[in-house]
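Hi,

Here is the structure I said I would pass on.

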Amino acid sequence: MSDLMKVSSNPHIRSKVTTKSIMLAVVVALLPAAGFGIYNFGLDALILILVTIATTVLTEYLYEKAMHKPVTIGDFSAVVTGLLLALNLPSTAPWWIAVIGGVFAILVVKMLFGGLGQNFMNPALGARCFLLISYTSIMCNFQTDTYTGATPLAALKAGEDVNILDMVIGRTAGTIGETSMIAIVIGACFLILLGVIDLRIPGTYLVSFVIFLSLFGGHGFDPAFISAHLAGGGLMLGAFFMATDYVTRPITKKGQYLYGVFLGVLTGIFRIFGPSAEGVSYAIIIGNLIVPLIEKVTLPKAFGKGGERS
């Protein structure tokens, strides 16, 4: 019989891209932001990063051993979760905050819902929001030896002037990984060039946010005001590294555009009308929760019986 008549089991299209290769690419892409955070905040930042990654990896390993499941720490997804969570922590946070956050991210948000691919929200952001609610004073303490004032977004919300160049470079107070817009964009460009992410979600997110600011920010289309909001807080880190998470984003192209618009508008509402100067984490978490609805209305209908007909 001809080899052309032999049909193997599905899937029939295979790719050399693996979960491990994608996660390693994300880790490499986050190194500029992590490196600048360590440079900016010193040894405390490095300790938090190491403790958080160790916690997420160990939690996943112990859970899978206890449940007699295959150990999956080799896919580096737990490392990515730990690194992202650490970059969302202030360098002043004590080490036990990193441990609590790491355990919550892996055990509660990821493993109890079935592991990688089954979690209903981004584990790192879920843990950050949990820590913000549970330990607000610790998570909002950005007073260091280098920076003693409020974060740029808090100053901007209070009507004070901010130095946009310092915000772009990263010479400001904030969480470990969110301060340097340049470092984040370098990592994002790396992922885009590798084809790991594209601009559908982050591009739509940022454009929608800019439009919302122009309409409701009270400054019109003010380049300085808009630039400060783009460079400040966790917007860039969230748009390129967390909103694009494969598991918690929509799978359809139309859905991804709609998702980006939703995130941009919701972030604008939180920042302009909310009591806090930030809002990216809560916007993405809420966005994760409505992804099933977005997919329901954007999935193409099947042709044939019960579907569309040509």
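Let me start with the loop between α2 (43-66) and α3 (77-87), which is where you will find His68. Helices here are DSSP runs of H or I with at least four residues, strands are runs of E with at least two, and both are numbered from the N terminus. His68 has a phi near 55 degrees, a positive value in a residue that is not glycine. With 74% relative accessibility, His68 counts as exposed (exposed is over 50% relative accessible area, buried is under 20%, and partly exposed is in between, using a 1.4 Å probe and protein chains only).

Phe76 sits in the loop between α2 and α3 too. Its phi is also positive, at about 70 degrees, although Phe76 is not a glycine. Phe76 is partly exposed, at a relative accessible area of 27%.

Before going further, a word on the basis: this is a predicted model, so local features need pLDDT of at least 70 and side-chain atom pairs count only at pLDDT 80 or more, while totals for chains, interfaces and linings use all residues. Residues are numbered from 1 along each chain as its sequence is written, and side-chain values use heavy atoms, with hydrogens and water left out.

Next, Thr151. An unreviewed UniProt entry places the feature "modified residue: FMN phosphoryl threonine" there; UniProt positions are in the numbering used here, feature names are shortened, and annotations may be inferred rather than shown by experiment. Thr151 lies in the loop between α6 (136-139) and α7 (152-157) and counts as buried, at 16% relative accessibility. Leaving aside residues up to four places away in sequence, Thr151 touches Phe142, Ala173 and Gly174 (contact means heavy atoms within 4.5 Å).

Now for the whole chain. There are 14 helices and 0 strands. The radius of gyration is 21 Å, which agrees with the value near 19 Å that a compact globule of 310 residues would have; this radius is taken over C-alpha atoms, and the globule rule is 2.2 Å times the number of residues to the power 0.38. Along the principal axes, the C-alpha atoms fill a box of roughly 75 × 50 × 35 Å. Of the 310 residues, 50% count as buried. Among contacts between residues at least 6 apart in sequence, 74% join residues at least 24 apart.

Cheers
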